[in-house]
Amino acid sequence: MSDANALKDQGNKAFAAKDWDKAIDLFSQAIAIDAKNHVLWSNRSAAKAGKKDWAGALADAEECVKVNPSWAKGYARKGAALHGSRRYDEAITTYEAGLKLEDSPALRKGLQEVKDAKAASEGGDESSPFGNLFSDPNILGKLASNPRTAKHLSDPAFVQKIQLLQRNPRLASDALQDPRMIEVLGALMGVDMSATTREEGSNDLPEGFKERPASPPAASSSSSKPTPAPAAPPAEQPEDVDPEEAQAKKDAAAAKQAGAEAYKKRDFDEAIKQFGLAWDAWPKDITYLTNLAAAHFEKGDYDKAIETCDKAVEEGRGMRADYKLVAKAYGRAGTAYQRKGDFENAVKFFNKSLTEHRTSDILNKLKEVEKAKAEADRKAYIDPERSAAAREEGNTKFKAGDFAGAVKDYTESIKRDPADPRGYNNRAAAYMKLAALPEALKDTEEAIKVDPKFVKAYIRKSNVLLGMRENTKALEAIQQATDHDSDGQHAKEIQQQEFKIQQALYEQRGSESQEETLARAMRDPEVANIMTDPVMQQILQQAQSDPNALQDHLKNPTVRTKIQKLINAGIIRTR
């Protein structure tokens with residue numbers, strides 16, 4: 001997915017440069033790699049909206065909502081596309097649906113704009129020939145990108161006037177009394193409105209050309225004064241920089257640097273102080289807050305780190321900060337919750353981070369914490385008393401012939417106390433009654449794994465293998481039961497089981513020739529390995545010529561185990 005993220009970042013750069021076609025192409029390539037990433041559909045929808053391809057923007061926004069119905073920003077994209085298509089009622093419904101998921105300033109603003117646009121369209125704009133120009137939802141973006149009008153947006157009162165005209169375009173005619181609105185109209189219509197200003201008597205010139213001022217006439221008398229030529233419009237000057245603002249940014253940067261140096265030295269108290277000063281000096285960059293949260297985290301104050309991250313998200317939403325910075329704040333809060341052992345909230349905040357921006361680091365942390373949460377939940381569920389109660393309920397159902405119900409109760413018993421082999425062994429018995437022999441075999445092996453000295457599990461395993469006609473393995477299992485039954489408590493049950501196995505082996509081998517027995521036994525991988533072992537081949541050849549030599553070899557435990565395996569398989573026959 002790293003390739004998709006790289007393409008997304010390139011697409012974002014093209015989007016910022018208003019290169020819509022390139023942005024759309026890059027987002028499309030990213031979608032081809034990771035079609036389940038809702039952010040990619042959202043970004044391509046925004047790029048198509050920038051190109052005024054409202055139908056395409058709507059299709060991508062709908063796909064974004066389909067991929068992640070819980071992401072409020074997807075509804076904002078869809079609402080904007082419907083607004084651009086002048087489908088006002090549907091846009092209103094969409095924005096309201098998004099607000100049910102998250103009380104987002106962007107959704108509230110979009111909802112108000114579409115309501116104003118709807119009211120304007122219903123009221124009609126006959127009173128103003130320019131009304132339709134002000135109904136464009138992207139009007140402020142157009143004015144900001146035009147050098148003639150961008151300077152006016154620094155005046156909050158002027159911006160409010162533009163927003164008022166957006167809500168009620170019929171007021172456009174009255175607003176033209178402000179000379180700045182002439183330049184606004186020019187920017188919206190794509191013409192130079194200053195070229196339409198003419199002195200009386202001037203000749204008509206093509207739009208966009210300015211008449212050169214006429215030379216002043218000669219003076220008729222010494223008292224007459226020449227008419228001065230009209231002054232050229234003043235050249236546009238860069239906006240003045242607020243000295244206080246510049247100093248605040250400088251102070252914040254210096255504090256941030258000091259905080260970073262203290263952080264590297266692990267002087268976290270100093271780092272916290274400096275990052276706090278940076279935010280106080282310039283509270284328009286949430287990076288200072290995420291750095292502050294990191295210092296609290298390293299100090300071990302996880303609650304303070306979480307509180308600071310929450311503030312970073314809240315402030316970031318208000319100032320429409322980069323989604324990557326918001327994602328970092330969510331991710332840092334998730335890590336703090338993880339360190340606290342609050343895995344539920346850690347999962348929640350890691351998912352929020354991934355909703356804003358997907359990174360491999362957060363994905364790996366999410367997988368890690370989900371695994372830890374599952375293990376913690378499993379351990380929290382353990383209760384030996386309830387395990388015993390569930391096992392008794394299973395025993396009752398087993399005796400009543402309700403084997404499926406018994407399996408359910410034994411499973412609950414295992415979950416409540418996975419360290420008790422009786423739950424596995426009892427469930428194996430129920431599985432045998434249901435003819436689910438492979439499942440029964442797994443349970444007997446798990447019971448032996450939990451308690452290698454649990455004799456009943458070996459006996460049950462032998463019964464299962466006998467039912468599967470694995471007679472040789474059944475004999476090995478019952479021999480293991482004998483080895484572990486040190487006090488002889490289960491001697492009678494073991495003897496009866498061994499007798500059944502020997503009968504089954506006799507019936508199986510009664511009509512077999514030596515060659516047929518060997519062929520059957522060699523189908524067992526363990527037997528095949530023993531028979532192809534050069535050392536064992538030498539021992540077997542020696543035993544044929546000197547049977548007493550075999551007794552000496554049996555003193556070696558490894559050799560004895562292998563010889564017993566061959567005896568059980570019928571390759572070595574004893575009297």
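Biologist: At what angle do α23 and α24 pack?
Modeller: The model is a predicted one. In it, the axes of α23 and α24 lie 9 Å apart. The packing angle between these two helices is about 160 degrees.

Biologist: Is α23 roughly parallel or roughly antiparallel to α24?
Modeller: Helices α23 and α24 pack at about 160 degrees. Angles over 145 degrees count as roughly antiparallel. The relation of α23 to α24 is therefore roughly antiparallel.

Biologist: Which residues of α24 make the contact with α23?
Modeller: The crossing of α23 past α24 is left-handed. From α23, the contact involves Leu437, Ala440, Leu441, Thr444, Glu445, Ala447 and Ile448. Their partners in α24 are Ala457, Tyr458, Arg460, Lys461, Val464, Leu465 and Gly467.

Biologist: Is Tyr458 buried or exposed?
Modeller: Tyr458 belongs to helix α24. Setting aside neighbours within four places in sequence, Tyr458 is in contact with Ile448, Pro452, Ala477, Gln480, Ala481 and His484. Its relative accessibility is 5%, and the cut-off for burial is under 20%, so Tyr458 counts as buried.

Biologist: What distance separates the C-alpha atoms of Tyr458 and Glu476?
Modeller: Along the chain, Tyr458 and Glu476 are 18 residues apart.

Biologist: With which residues is Ser462 in contact, leaving aside its neighbours within four places in sequence?
Modeller: Ser462 lies in helix α24, which spans residues 455-467. With a relative accessibility of 0%, Ser462 counts as buried. Once neighbours within four places in sequence are left aside, its contacts are Ala474, Ala477, Ile478, Gln497 and Ile501.

Biologist: Where is Ala435 found?
Modeller: Ala435 has a positive phi of about 65 degrees although it is not a glycine. At 60% relative accessibility, Ala435 counts as exposed. Its place is the loop between α22 (421-433) and α23 (437-450).

Biologist: Is Arg86 buried or exposed?
Modeller: Arg86 also has a positive phi in a residue other than glycine, near 65 degrees. It sits in the loop between α5 (72-84) and α6 (88-101). The relative accessible area of Arg86 is 54%, and the cut-off is over 50%, so Arg86 is exposed.

Biologist: How are α3 and α4 oriented to each other, roughly parallel or roughly antiparallel?
Modeller: Helix α3 (residues 38-50) packs on helix α4 (residues 54-67) with the axes 8 Å apart and an angle of about 165 degrees. The crossing of α3 and α4 is left-handed. Among the residues of α3 that meet α4 are Trp41, Arg44 and Lys48, and those of α4 include Trp54, Asp60 and Glu63. Since the angle is over 145 degrees, α3 and α4 are roughly antiparallel.

Biologist: How many aromatic pairs does the count come to?
Modeller: Rings pair when their centres lie within 6.5 Å. By this rule, the number of aromatic pairs is 6.

Biologist: Is the pair of Tyr330 and Phe349 stacked or tilted?
Modeller: The ring centres of Tyr330 and Phe349 are 6.0 Å apart, and their planes stand at 55 degrees. Planes under 30 degrees apart count as stacked and those over 60 as edge-to-face. The pair of Tyr330 and Phe349 is therefore tilted.

Biologist: How many residues apart in sequence are the parts that Tyr330 and Phe349 tie together?
Modeller: Tyr330 lies in helix α17 (residues 323-340), whereas Phe349 lies in helix α18 (residues 343-356). Both Tyr330 and Phe349 are buried. The parts that this pair ties together are separated in sequence by 19 residues.

Biologist: Which residue lies over the face of Phe349?
Modeller: Phe349 is linked by ring pairs into a cluster with Tyr330 and Tyr337. At 5.1 Å from the ring centre, the residue over the face of Phe349 is Lys352.

Biologist: How far from Asn146 is Glu183 in space, C-alpha to C-alpha?
Modeller: Glu183 lies in helix α12 (residues 180-189) and is partly exposed, with a relative accessible area of 27%. Its contacts, leaving aside neighbours within four places in sequence, are Arg148, Thr149, Lys151 and His152. Glu183 and Asn146 are 37 residues apart in sequence, and their C-alpha separation is 9.8 Å.

Biologist: How many helices has the protein chain?
Modeller: Of the 575 residues of the protein chain, 40% count as buried. The chain has 0 strands, and its number of helices is 31.

Conventions. Residues are numbered from 1 along each chain as its sequence is written. This is a predicted model: local features need pLDDT of at least 70, side-chain atom pairs count only at pLDDT 80 or more; totals for chains, interfaces and linings use all residues. Side-chain values use heavy atoms; hydrogens and water are left out. Helices (H or I, at least four residues) and strands (E, at least two) are DSSP runs, numbered from the N terminus. Buried means under 20% relative accessible area, exposed over 50%, partly exposed in between (1.4 Å probe, protein chains only). A charge sits over a ring if NZ of Lys or CZ of Arg is within 6 Å of the ring centre and within 35 degrees of the ring normal. Axes are lines fitted to C-alpha atoms, for helices over the stretch in contact, and angles run from 0 to 180 degrees between N-to-C directions. Angles under 35 degrees count as roughly parallel, over 145 as roughly antiparallel, 65 to 115 as roughly perpendicular and the rest as oblique. A crossing is left-handed if the near helix is turned anticlockwise from the far one by less than a right angle, and right-handed if clockwise. Contact means heavy atoms within 4.5 Å.
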